[in-house]
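Hi everyone, thanks for coming.

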Amino acid sequence: MISIIVPVYNSEKTLKRCLESLIHQTYQDIEILLVIDGPTDSSEEIGKSYEQRDSRVKVIMKENEGVSPARNTGLDCAKGEYIQFVDSDDYISVDMCEKLVEMVDNSGAQMVLCGFHHLFSNRDIVKVSKSGSFILKQSAEEFLHLYEAGFLNMPWNKLFKREFVKERFDSTLSLGEDLLFNLDYMKTIEKIAVIEEPLYYYVQQRGQDTLSSKKRNDKYQIAVRLCEAVKEYYVSLIKGNKEELNEKEKLNKKNKISEEELDIKIKHGNQVIQKRLMLEFLDEIEGMAYDKTLSKTHKLAIVDKYMYDYYIQEANKEIGTIQIDYKIINYFLKRKKKHMVYAMIYIRKWLLNLLHYFAK
């Protein structure tokens, strides 16, 4: 059985769509745990109506504490062999559960992830990675690829085995708790499998991910913590593989991994991980063009802070190839031209609005 955990807070406009996609799954051995997180709209009534309609739906009421405590409550109540997370704003393909379980059976992996549709501003951005399975300690490069491509930051495109879920979501964090949860989980397993199909529909509303002032104040510290956590995990994979190979190849010296090769791999991994960090900061800078809660002075101060931060400057030294809008903004960021950075994010916004207008 799959326990599908759905945190719900003021989701009356999207909850029915989400639940319809769950109750009509081709794989029927599921329980749907609706963790109602102290809403002020009709989400509770909608959830209870589905609970009466389908015995697999279970409503769990709690006071409002946020998405991480809600997911943790779901984990505490789950009875299934597998765990799946779905956000109440989103929905899934009718055969998502079936294909995830099928991949577990075929590959023997303890975690399966799939592609997804990113629905944003009338666009459907499809993100997929090549199908296959790999043992983590033997495939640190595959881990890097999935991290760089943005498949490991969220819990909702994955199937977990409940017996390997040892940690909970860190409810003290305002950002990044999903990635830390996934890293903690991967420390307990051996094998991951990937399905090259977009089975999840992630719906992002305009302004939905705009950072609150609290999150923005926490952003830097959390971003550094996440970057270091990913580096540490990557190094553990590399060193774990080195120890295994060297143990197996004691009589075959030429197959041993040298310290020099190890250092090269770690350096390459750090560059990939730091590039991801830079892209997140550039994404935040671009997003400020849509944030009406900040004044121009405040936005310039944020850009200025990032320009002169040593950790960001170090990460930005070998960022490599990035998409053109990031590249232009980063050009001025590196040269400490904050007013040009500010101008570029609004020119980008204007061009995107123009493209959307003519695309209608």
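This is a predicted model: local features need pLDDT of at least 70, side-chain atom pairs count only at pLDDT 80 or more; totals for chains, interfaces and linings use all residues.

If you follow the C-alpha trace along its principal axes, the span is about 65 × 60 × 40 Å.

How much of the protein is buried? Buried residues account for 52% of the 360. And here's something on how the chain meets itself: take the contacts between residues at least 6 apart in sequence, and 80% of those join residues at least 24 apart.

Now, salt bridges. How many are there? The count comes to 20. I'll show you some of them.

Let's begin inside a helix. Glu44 and Lys48 join their side chains in a salt bridge, at 2.8 Å from N to O. Both of these residues sit in helix 2, which covers residues 43-53, and they are four residues apart, about one turn of the helix.

Glu197 makes a salt bridge with Lys99, and their closest N and O atoms are 2.7 Å apart. Glu197 belongs to strand 10 (residues 191-204) and Lys99 to helix 4 (residues 96-107), so this pair ties together parts that are 98 residues apart in sequence. As for accessibility, Glu197 is partly exposed at 30%, and Lys99 is partly exposed at 22%.

Here's another pair: Asp184 and Lys187 form a salt bridge, with the closest N and O atoms 3.8 Å apart. Asp184 is partly exposed, with a relative accessible area of 26%, whereas Lys187 counts as exposed at 53%.

Salt bridges can also link up into a network, and that's what we get with Asp37, Lys62 and Glu65.

On to the helix pair. Helix 9 (residues 296-307) and helix 12 (residues 338-359) pack with their axes 9 Å apart, at an angle of about 115°. The crossing of helix 9 and helix 12 is right-handed. Which residues meet there? From helix 9 we have Lys296, Lys299, Leu300, Val303, Asp304 and Met307, and from helix 12 they meet Lys338, His339, Val341, Tyr342 and Tyr346. Sort the residues of that contact by type and you get six nonpolar, one polar and four charged.

Last stop: Asp325. You'll find Asp325 in helix 11, residues 324-334. Why do we call Asp325 buried? Its relative accessible area is 16%, and the cut-off for buried is under 20%, so Asp325 qualifies. And what is Asp325 in contact with? If we set aside its neighbours within four places in sequence, the contacts of Asp325 are Glu286 and Arg348.

Technical notes
Residues are numbered from 1 along each chain as its sequence is written. Side-chain values use heavy atoms; hydrogens and water are left out. Helices (H or I, at least four residues) and strands (E, at least two) are DSSP runs, numbered from the N terminus. Buried means under 20% relative accessible area, exposed over 50%, partly exposed in between (1.4 Å probe, protein chains only). Contact means heavy atoms within 4.5 Å. A salt bridge is a side-chain nitrogen of Lys or Arg within 4 Å of a carboxyl oxygen of Asp or Glu. Axes are lines fitted to C-alpha atoms, for helices over the stretch in contact, and angles run from 0 to 180 degrees between N-to-C directions. A crossing is left-handed if the near helix is turned anticlockwise from the far one by less than a right angle, and right-handed if clockwise. Ala, Val, Leu, Ile, Met, Phe, Trp, Tyr, Cys and Pro count as nonpolar, Asp, Glu, Lys and Arg as charged, and the others, Gly among them, as polar.
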